[in-house]
Amino acid sequence: MQTKKCPYCASDLEESLAICPNCNEDIGKSWVITLILCGYFGLFGAHNFYTKRTKLAITQLILTLTIFGSIITIFWCLFDVIRILFDCFRDNYGNKLSRKPSKTSTLLLFLISSHRFYVKRYVSACIYSLLLISAYGLS
């Protein structure tokens with residue numbers, strides 16, 4: 001049986017658990033990271049690899065390598081983005097994605113908005129950051 005450590009109480013847990021039975025904390029896959037992977041690398045099935053849905057991920061990867069299949073995967077990714085945003089996307093074990101903020105997802109959100117500061121588009125950078133923060137805060 002595969003195990004993982006709870007990041008909050010450091011107890012050993014089954015891989016399929018999304019909530020720690022000892023400390024009752026949500027330890028599932030992050031919805032922010034899943035959404036970012038789907039948005040940027042979804043054609044290659046990155047979000048499905050992240051949520052351990054490997055059969056779907058390999059199918060997406062193979063379809064993307066063909067011209068007709070890449071058209072299918074574009075719509076597939078759009079559908080997955082909608083499912084992630086509306087909290088209908090599940091991991092391989094049937095668990096919902098975690099909406100709890102994590103250090104990794106916060107850092108990724110910052111990095112996504114920081115490119116606007118780099119190109120000296122300060123107004124759009126602030127608007128972009130506020131939109132990301134508000135979208136992230138709604139969870």
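Lysine 52 and glutamate 15 form a salt bridge, with their closest N and O atoms 2.8 Å apart; the term denotes a side-chain nitrogen of Lys or Arg within 4 Å of a carboxyl oxygen of Asp or Glu. This pair links distant parts of the chain, since lysine 52 lies in the loop between helix H2 (46–50) and helix H3 (54–64), while glutamate 15 lies in the loop between S2 and H1, 37 residues apart. Lysine 52 counts as partly exposed because its relative accessibility is 31%, whereas glutamate 15 counts as buried because its value is 14%. Here buried means under 20% relative accessible area, exposed over 50%, and partly exposed in between (1.4 Å probe, protein chains only).

## Basis of the description

The model is predicted: local features need pLDDT of at least 70, side-chain atom pairs count only at pLDDT 80 or more, and totals for chains, interfaces and linings use all residues. Residues are numbered from 1 along each chain as its sequence is written, and side-chain values use heavy atoms, with hydrogens and water left out.

## Overall architecture

The chain contains 6 helices and 2 strands, arranged along the sequence in the pattern β-β-α-α-α-α-α-α. Helices (H or I, at least four residues) and strands (E, at least two) are DSSP runs numbered from the N terminus.

Of the 139 residues in the chain, 30% are buried. The accessible surface amounts to about 9000 Å², and carbon and sulfur atoms account for 69% of this surface; such areas come from the Shrake-Rupley method with a 1.4 Å probe, and for residues only the protein chains shown count as cover. Among contacts with a separation of 6 or more, 39% involve residues 24 or more positions apart, a contact being heavy atoms within 4.5 Å.

## The largest nonpolar core

Trp31, Val32, Ile36, Cys38, Cys77, Ile84, Phe89 and Leu97 form the largest nonpolar core, which has 8 residues. Helix H1 (31–41) and helix H4 (67–85) are the elements that give two or more residues to this core, and H1 gives the most, with 4 residues. A nonpolar core is a set of buried Ala, Val, Leu, Ile, Met, Phe, Trp, Tyr and Cys residues joined through side-chain atoms within 4.5 Å.

## Further salt bridges

The count of salt bridges comes to 4. In one of these, the side chains of lysine 5 and aspartate 12 meet at 3.0 Å, N to O; both lysine 5 and aspartate 12 are exposed.

Arginine 83 and aspartate 80 also meet through their side chains in a salt bridge (3.1 Å, N to O). These two residues are separated by about one helical turn, because they are 3 residues apart in helix H4. Aspartate 80 counts as buried, with 1% relative accessibility.

## Aspartate 91

Aspartate 91 is found in the loop between H4 and helix H5 (103–118). Aspartate 91 is buried yet has no salt bridge, and the nearest side chain of opposite charge, lysine 4, is 6.5 Å away. For charge, Lys and Arg count as positive and Asp and Glu as negative, while His and the chain ends are not counted.

The side chain of aspartate 91 reaches the backbone nitrogen of tyrosine 93 at 3.0 Å and that of glycine 94 at 3.1 Å. Leaving aside neighbours within four places in sequence, aspartate 91 is in contact with Thr51 and Arg53.

Technical notes
A polar contact is a pair of N or O atoms within 3.5 Å; within protein, one must be able to donate a hydrogen and the other to accept it, and residues adjacent in sequence count only if both atoms are side-chain atoms.
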